[in-house]
Every structure is written in C-alpha cells, then in structure tokens.
Amino acid sequence: MAAEIVNPRSDSESLDGHPEQESGAEPLDSFDPAFALHRGGKMAVQATVPIRDKDDLSLAYTPGVAKVCSAIAEQPDLVHDYTWKSSVVAVVTDGTAVLGLGDIGPEASLPVMEGKAILFKQFGGVDAVPIALACTDVDEIIETVVRLAPSFGGVNLEDISAPRCFEIEKRLQERLDIPVFHDDQHGTAVVTLAALRNAARLSGRPLGELRAVISGAGAAGVAIAKMLVEAGIGDVAVADRKGVVSRDREDLTPIKAELASFTNKAGLTGSLESALAGADVFIGVSGGTVAESAVASMAEGAFVFAMANPDPEVRPEVAHKYAAVVATGRSDFPNQINNVLAFPGIFAGALQVRASRITEGMKLAAAEALASVVGDDLAADYVIPSPFDERVAPAVTAAVAAAARAEGVARR
C-alpha cells in the first residue's frame, strides 16, 4: 500500500472538478485550499507487483496464491515474509479526543487518521491504514483491535480520550505480540525529552539538576512525567485543573494516584503558578493559560515548552522575556515539539526487527537519537530538528532497532 495524495473526481462532480450542489452554493474547494487538498481523501492503495497478463494474474491470485496460503498455514511465521503484515501499522481511533476538537466521532476523525498514515509513509517509509471505530467502550475497542491484529505488524492508538487510553493500551499490549503505541502519550514524551536534553546541554546543566513542572495530567502529561523520571530528571511535578498532583490529595483517580507516587519529591501543593516559582522547566500540554507573573518567577535561564495548539499556554514573545529556551507545538515558531519526529522512526525500527512491543528503553533510545541529530548546531532556537531533516527517521529507526535487540524483544 502506498500513502499518496490523490484527488479523484467522483461521479457527482462536474467537469471542472467541483461538486454539483443542488443548493447552488459555492463549493468549499473554491475558497479554502484545505478542502481542495482533502477532496477524495489523502490516500490510495497501490499494488507493488504488476498484473499485465494471465501469467501475472495466476501468480498474484489464483492458483499461485494458494501455495503461499498453504505454506503460511503450515508455518505461521512465514506471514512476515510473504505478506505485508510486518510493514504495516493500524492507526486506530474512536474519535473522542481529536486534536483540539475533542469528541467529534469516528467519521470526523478520518481526515486526521489519513494524515497520520501519510506521515508514517512520508517520514518513516511505513505503510499505515486509518481505522476509525464506531464504539467508545473500552472492552469493545480492545476486542475489535485484537480481532484486526492478524493483518498488522503494529498498532498506533490515536486521539482516544484519557483515562481510557491508558487501559486500552495496557490491555492490548498484554494480549498482542506486536507493538501497541499510543502516540499522544509516548510520541509527545519522546520529542519533549529530546528537546529538553538539548536545552540542558546548551545550558551546561545535567537533567538531574533540573526541576520541571508539567501543566496537564492527561495522556501526554502523564507520559512525559514518566519519561522524564526514567531519564533522571531531578524532580517533576504535574498539575491538573485542581492544582499540583500530590500524595495528600483525596480526589485523585487511580492514574493520578500512581503519578503522585513517583513525582513531586519536593511535596509541592497548591496551584500550578505557585509550583513554577523557582522551577527550571515548564512543560505545557493542557491548553490553559499561564500568567506572565508565574513565568517571571521561574529560575534564571529557565526553559518554557508551551505546546498547546493553536494557542500556547505562554505566548513565545512573553516566554522569551524570561526563558533561555522556548519551544511550542506550532510550526511557525522555532523548536516545534512535533510527534512526527518520533512515531515514524519508532515504528520503522520496531518493525525492522519484528519487535513484540515498544519498551521504555526503546523510547529513551529514540529520544537520545533524536537529540543527537542537532549535534554541533545546537542553539537556543534549535534544540530539536525539523521534521523535514532527512537524518531524523534513520537515526531514530536505528536506535530503536538496536534497543529492541538489547532488551530482548526483537525477533530478527
């Protein structure tokens, strides 16, 4: 399968390519290029072998295909060699947490899932199939994905709301012997850690001396906190709408209770703003707004990663007044924390060695490899490479594959 941009004209379109509308209204394509690009979808299925005559047909389909089917039935592992299984990922969503749009349903999520699939192809050489499920029940999602899994080499969970996303990923990985990866969690965490490693290197400080504060205790916030702790951060506190997540709070969900068990060694309580006083790092994945006075109270030479889209928690022009390094989730500012820097290479590396799962070690290796791409060009406005840097995917792929072998989850 090839993920390619296509614009086929449907039978309902006029000869000029615009849909014929009974109302006579001007087609959306005529004034918005986004609609023009999305017409007909952004993907197509493309054969990798020619069918030019009856001989080709007899090999690609019956009777030749029967030989391959019989061989796989006798030796199931041959499926990896004689089908697309080991080179294709299912991009699965239920449409409950799509970008900044929220719960918009499976059909409305498809443009995003198609986009994710073409990013897999463009930036990692990995084929991917968007699958939008018409169910939101945890058990139903798990059972559906388990039944689909024989066709795929990996599962990328996408835009599934917290806290269900945690349970879905955990239970799927327990039941499947292929990688299951929730990109909203781990992709964000990998890229954030890579940028933070380079920001720390630029300032001459080790991670172990930094205190970070994360705004947002959802999927991304929890995963970033876990990864920073794994990487050896000095301390990290996470704040939700009610303030800092701490052991003495009685309103914590099981996920937040677990979060409190390994974060906030300083025992901070109260608001996000109070936690920022003297902090070295702010990481925003909440979509809220942080007062300028709180940013001003951070330690000298602080790092501000305000990643909410389209409106960062701290505007870059404000952050630059006080911070040594500023990053956002937007492409129109330097240092974009973009998941596309991580997930294509992570899956490419995992598929390359037929990994049974994606481990913490593989994610840490991905972050280190991504950070290393910057090299000697490190600067305050360049702590993370561009998604269009052709060195990114090969570096991440190689690091993940090597880590999978080192951790014993590789099968070739």
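Which side chain has a polar atom 3.0 Å from the backbone nitrogen of Ser-286? The side chain of Glu-313 does.

This is a predicted model, in which local features need pLDDT of at least 70, side-chain atom pairs count only at pLDDT 80 or more, and totals for chains, interfaces and linings use all residues. Residues are numbered from 1 along each chain as its sequence is written, and side-chain values use heavy atoms, with hydrogens and water left out.

View 1. Strands are DSSP runs of E, at least two residues, numbered from the N terminus; two of them pair if DSSP finds at least two bridges between them.

**View 2. Strand 1 (residues 88-93) runs parallel to strand 3 (residues 154-157).** 4 bridges join them. Val-91 stands opposite Asn-156 in strand 3.

**View 3. Glu-313 sits in the loop between strand 9 (302-306) and helix 13 (316-319).** Helices are DSSP runs of H or I, at least four residues. Glu-313 is buried (under 20% relative accessible area, 1.4 Å probe, protein chains only). Glu-313 has no salt bridge (a side-chain nitrogen of Lys or Arg within 4 Å of a carboxyl oxygen of Asp or Glu). The nearest side chain of opposite charge, Arg-315, is 10 Å away.

**View 4. Backbone nitrogens face the side chain of Glu-313.** The nitrogen of Val-285 lies 3.2 Å from a polar atom of that side chain.

Key. Buried means under 20% relative accessible area, exposed over 50%, partly exposed in between (1.4 Å probe, protein chains only). Lys and Arg count as positive and Asp and Glu as negative; His and the chain ends are not counted. A polar contact is a pair of N or O atoms within 3.5 Å; within protein, one must be able to donate a hydrogen and the other to accept it, and residues adjacent in sequence count only if both atoms are side-chain atoms.
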